[in-house]
Structures are given as C-alpha cells and as structure tokens.
Amino acid sequence: MTAPHLRDRYLQDSINTASPAKLLTMLYDRLILDLTQGEDALISGDLAMANDKLNHAQEIILELRITLDVNAWEGAPGLANLYGFLLSELIGANIAKSPERVAACRKLLEPLRDAWREAAVAAATQS
C-alpha cells in the first residue's frame, strides 16, 4: 500500500469509529481550516483556491444545518439561524472576494468549535 492510501484508510477508519460528538468536532475543525485557508487564498489572490475552500466550508455548514435537530434543545433554532447567516455570508464573501467577511465568519465559529470540543471531552470522560 502507498503512503497516501494508508493515510486515507486511517482517516476513514477514524471517521467510521468516531462518536457523534467527535464527528461534530472533526467537522468544525475542518470548517475552521477551510475558512483559514480560504481567507489566506483571498489575501494572496489565489481565487481558485479560495473558491474551493469556501465552497467546501459552505458544504460543511449545510451538513451541520441539515443534521441539526431543531427540537433537541432550546438553543437549536438559534444555531440553525446562525448556520443560515454564515452560509449567506460565505456566499457573499466568495462573490465579493472579501477576506474580511471570511474572517468574521471564522471568528463566530471558533468559540462554537471550542465549546463542542469541551462537550465532547466531557461526554467521553463520563462514558
């Protein structure tokens, strides 16, 4: 097996065996990475890379929104609205080629990622 194939297999195994809380934090980590790379690409003028990263970030936000059970807890509708806002902002940022708008979205998401990570760790220690 080649090194890239082994890496892909390891990543797929990690995803397949992860708890729902861990999967959520993995999605948030990738979302933040895409936003950071998209912002950097806009700043450097690499519009193709920026478009790819921002489109992938939008796909993750759509997945988060679709899988969110808005009846599960009282804050869920607000989170759904935030996902809708972020999606609109990222589409606008991509069209306007605005690294500032991407950065604003990233700054909104980083505390959420950190909170979900803390919740995942707490859930894992209770198991």
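The points below go through the salt bridges and then turn to one threonine.

1. A word on the basis of these notes: this is a predicted model, in which local features need pLDDT of at least 70, side-chain atom pairs count only at pLDDT 80 or more, and totals for chains, interfaces and linings use all residues. Residues are numbered from 1 along each chain as its sequence is written, and side-chain values use heavy atoms, with hydrogens and water left out.

2. How many salt bridges does the structure hold? There are seven, where a salt bridge is a side-chain nitrogen of Lys or Arg within 4 Å of a carboxyl oxygen of Asp or Glu.

3. Take Asp34 and Arg30, whose closest N and O atoms are 2.9 Å apart in their salt bridge. Both sit in helix H2 (residues 20-44), four residues apart, which is about one turn of the helix; helices here are DSSP runs (H or I, at least four residues), numbered from the N terminus. Asp34 counts as buried because its relative accessible area is 0%, and buried means under 20% (1.4 Å probe, protein chains only). Arg30, at 35%, is partly exposed, a class that lies between buried and exposed, the latter being over 50%.

4. Helix H5 has a pair of its own: Glu110 and Arg106 lie there four residues apart, about one turn of the helix. Their salt bridge has its closest N and O atoms 3.1 Å apart. Glu110 is partly exposed at 23% relative accessibility, while Arg106 is buried at 14%.

5. Which residue does Arg101 pair with in a salt bridge? The partner is Glu89, with the closest N and O atoms 3.1 Å apart. This pair links distant parts of the chain, since Arg101 belongs to helix H5 (residues 99-126) and Glu89 to helix H4 (residues 76-96), twelve residues apart. Arg101 is partly exposed, with a relative accessible area of 29%, whereas Glu89 is buried at 18%.

6. Please also look at the network of salt bridges that links Asp29, Arg113, Asp114 and Arg117. Arg117 turns up again among the contacts of Thr25, together with Trp116 and Ala120, leaving aside residues up to four places away in sequence; contact means heavy atoms within 4.5 Å. Thr25 itself lies in helix H2 and is buried, at 5% relative accessibility.

How values were computed: Helices (H or I, at least four residues) and strands (E, at least two) are DSSP runs, numbered from the N terminus.
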